[in-house]
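I opened this model to look up a few points and wrote them down in the order I checked them.

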Amino acid sequence: MRELKFLNRFFWKYRWRLLLGIIFICVSNYFRVLQPQVIREALDLVVEQVSTYRMYEGFELGNEYFGVLSHSLMIFGAIVLLLAILMGFFLYLTRQTIIVMSRLIEYDLRELIYDHYQELSLDFYKRNNTGDLMNRITEDVNKVRMYLGPAVMYLANLISTIALVIFAMLAVSPTLTLYTLIPLPLLAISIYYVSNIIHTRSTFIQQQLSKLTSTAQEVFSGVRVVKSYVREKQQVDYFAKESDQYKNMSMDLAKIDAWFFPLMVFMVGASTILTVYVGGLQVVNGSISAGNIAEFVIYVNMLTWPVTAIGWIASIVQQAAASQKRINEFLETKTSIVDPKPEDRHDIEGEITFENVSFVYPDTGIKAIDNVSFHLKPGEKLAIIGRTGSGKTTIADLLLRMYDVTEGRILIDGKDIREQGLANLRQQIGYVPQDIFLFSDDIHNNIAFGSSTTPTRAEIEEFAGYAAVREDIEGLALGFDTLVGERGVTLSGGQKQRVSIARALIKKPDIILLDDCLSAVDTNTEQQILGYFNEALGDKTAVIITHRIYGHLKFDKIMVLEDGHVAEMGTHEELLANGGYYSEIVERQVEEVD
Ligand SMILES: Nc1ncnc2c1ncn2[C@@H]1O[C@H](COP(=O)(O)OP(=O)(O)OP(=O)(O)O)[C@@H](O)[C@H]1O
C-alpha cells in the first residue's frame, strides 16, 4: 500500500472535489435511509387502520375512510418518490465530483509518466521492451484510476451507508440489529475470498491474453517471413494452442464467478429470514411494529451492496498498489544523461574532438569503443569505415550524447559535450540513423518534423529535392500528403532513407551525421545526394558512416575502425598507400564496377 502514497499529492490537488463528493454521497445516503422509515410509517398506518376500515366496510363512512387512507398512502408514495429523486440527484453529483476527479488524476498521471519517458535516455529504452512501456502508461494507469475513482467512491458509500443504516436500526431495536447484522461479516469475508480468487484468475487470463495479442502482432509484422518460409500452419497451431489455454482459463474463471451472486443472495436471504423471525417475535411481544420488519428488510438490502463491495474494493486497491509500484519503478528511474543547461541556445562552429574515448555498454559490458581519438576542424568531413560491429554507430550515439563516454572526452568547439546544453547540442546536429524510422503520418509532416519552425510546402519540396526524393514523392497520387507507415503506403527502403535525409537537412544543422544512410539507394541517386552535400554542406562539419567509398565526396579524413579501436586514419591517398582494410574495399569496389 506504500506505493499508493504517491497518489496523495493528486488527492490534495483535487481536495475540494473529493470533499464535495464525500458530502454528496453522505447526503444521498441520508435520503436513502429515510425511505424505509417512510415505508414503515405507511405500513404501520395500513396495519393499524385496516381493522377500523373493515368495521365500516359497506357503509358510507367506510368509503370515506378508504378515500382518506388511500390519499395518505399516496402522500407516502410521493414522499418515497421525492426521496428517490433527491437521492439520485446527489448520487449524480457524487459521480460528477469523485469520478471526474479520478479522470483528471488519470490525465495528470499519464502526462507525468509520458513526460518522464521522454526525458529518459536511450539505455532505458534498450533495457525495457515497448510492450512494457505501453502497459505501464495504459493498463497500469487504468488500474490506478479504478482506485482513485470507483474504489474511493464505494468506500465513502460503504462507510456512510453502514453508519447511517446501523444508526437508524439501533434507534428501532438494538437486539434485532444484532441478529440482522450477524450474517453480513460472513458475507464480506466470503466475497473477499471469492474476489481474490477471481482477481488471481483474471490476472492469469490477462497475461495469457497479452501473450496471445503479442504472438498475433509479431506474426502480422513478420508476415513476409512467415509466408516465405511457409510456416502458416505452425503459426495457426501455435495460436490455437495458446488460444485454447486462454479458453480453459476463462472457463475456470466463469466457474468461480458463478459463485458470486448465489453467495450474495444466500447471505442476504439468511439475514432476511433472521430479521423476519426475530422481528416477528418482537412484534408479538409488542416491542416493535410490523412496519419495522419491512423497514429492517430494506435496510438489509441496502447494506448488501456496500458490504459486498468490501471485497471488491480490497481487490481494486491491491491491483492499484501493484500497478502503482510498476509505475513508480519507472518514475524513480533517473535519466543517465543529464542536461546541464536546458535553456542554452547557441550556434556552434562544428569543431569535433574525440580525446581517448572509450565506451562500454552498461548492460552487456561490451567494450564497443576503445581509446578513439580524432580531431575535425569546422567544415571538415570524416568518413568512418569498418566491419559490422566495429563500433561505428556507437560513435554516432556518443556524439549525440545518447550515451556518455566511459573514458576520455568528446569536445565540440573545444568544450566537453557533457557541459553543454543537451537540447542545443542535438538541435545543431542533423542525424540520419541507420534504422530509419518514419512516423505514421504524411510525408510533409515527416520531413517537417526535423525543423524547429513550421516549414512551408515550398521548403519541404526544396529539401526533398536535395535528398533526391522529390520526384519519387511527386509520383505518388497524393504527393507530399501521402500517408506513410502502418496507415499508409509503404515506401521503399531507399525512399525512406531519402525522406529521412530531407528531415535531417531541413534542420539546417551545423554538424551532419549520417549513419550508413545511402546503403539502399542506387549509384545515380547517391551521386545526386553527394553532389548536394558537396555544394550545400561545404562549410558544415560532416561525419559519414559508410560501407562504401564515395568518389563524389571528398573526405578530409577517413577513419577505419576495428573492434572499437582506430585501425587506420588518414586521407584517401594515405590509406590507399597503407594497403590495409581501406585499400581492400576500394579494390573490391573498383572490381565490382569493372
Ligand atoms: N545497445 C547496445 N547494448 C549493448 N551492446 C551493444 C549495443 N549496441 C551495440 N552494441 C555492441 O557494440 C558493438 C558495436 O556496435 P555498433 O552498432 O556500434 O557497430 P557498427 O560498426 O555500427 O555495426 P554495423 O555496421 O553493423 O551497423 C557490437 O559488438 C554490438 O553488439
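**Domains**

I started with spacing: the C-alpha centres of domain 1 and domain 2 lie 62 Å apart. The domain assignment of the protein chain puts domain 1 at 2-331 and domain 2 at 352-437 + 510-593; such bounds come from an automatic or database domain assignment. I note that this is a predicted model, where local features need pLDDT of at least 70, side-chain atom pairs count only at pLDDT 80 or more, and totals for chains, interfaces and linings use all residues. Residues are numbered from 1 along each chain as its sequence is written.

Next I looked up the contact between the domains: 5 residues of domain 1 are in contact with 4 residues of domain 2 (C-beta atoms, placed from the backbone, within 7 Å). The domain 1 side of this contact has 1 nonpolar, 1 polar and 3 charged residues. For these classes, Ala, Val, Leu, Ile, Met, Phe, Trp, Tyr, Cys and Pro count as nonpolar, Asp, Glu, Lys and Arg as charged, and the others, Gly among them, as polar.

**Sheet**

I then traced an open sheet of 6 strands, with mixed pairing and the order E6-E7-E8-E3-E9-E10. Strands (E, at least two residues) and helices (H or I, at least four) are DSSP runs numbered from the N terminus, and two strands pair if DSSP finds at least two bridges between them. Strand E6 (429-432) and strand E10 (565-570) are at the edges with a single partner strand each, so one side of each has no neighbour in the sheet. From one strand to the next the twist averages 15 degrees.

Val-432 has Leu-514 in E7 as its bridge partner. Helix H17 (residues 493-505) packs on the sheet and touches E6 and E7, with its direction at about 175 degrees to that of E6. Axes are lines fitted to C-alpha atoms, for helices over the stretch in contact, and angles run from 0 to 180 degrees between N-to-C directions.

**Ligand**

Which residues are closest to the ligand? I found 15 residues around the ligand, the closest being Tyr-361, Ala-368, Thr-388, Thr-393 and Thr-394 (near means a C-beta atom, placed from the backbone, within 6 Å). Helix H12 (residues 392-399) gives the largest share of this shell, 3 residues. By class, the shell has 3 nonpolar, 9 polar and 3 charged residues.

Key
Two residues are in contact if their C-beta atoms, placed from the backbone, lie within 7 Å.
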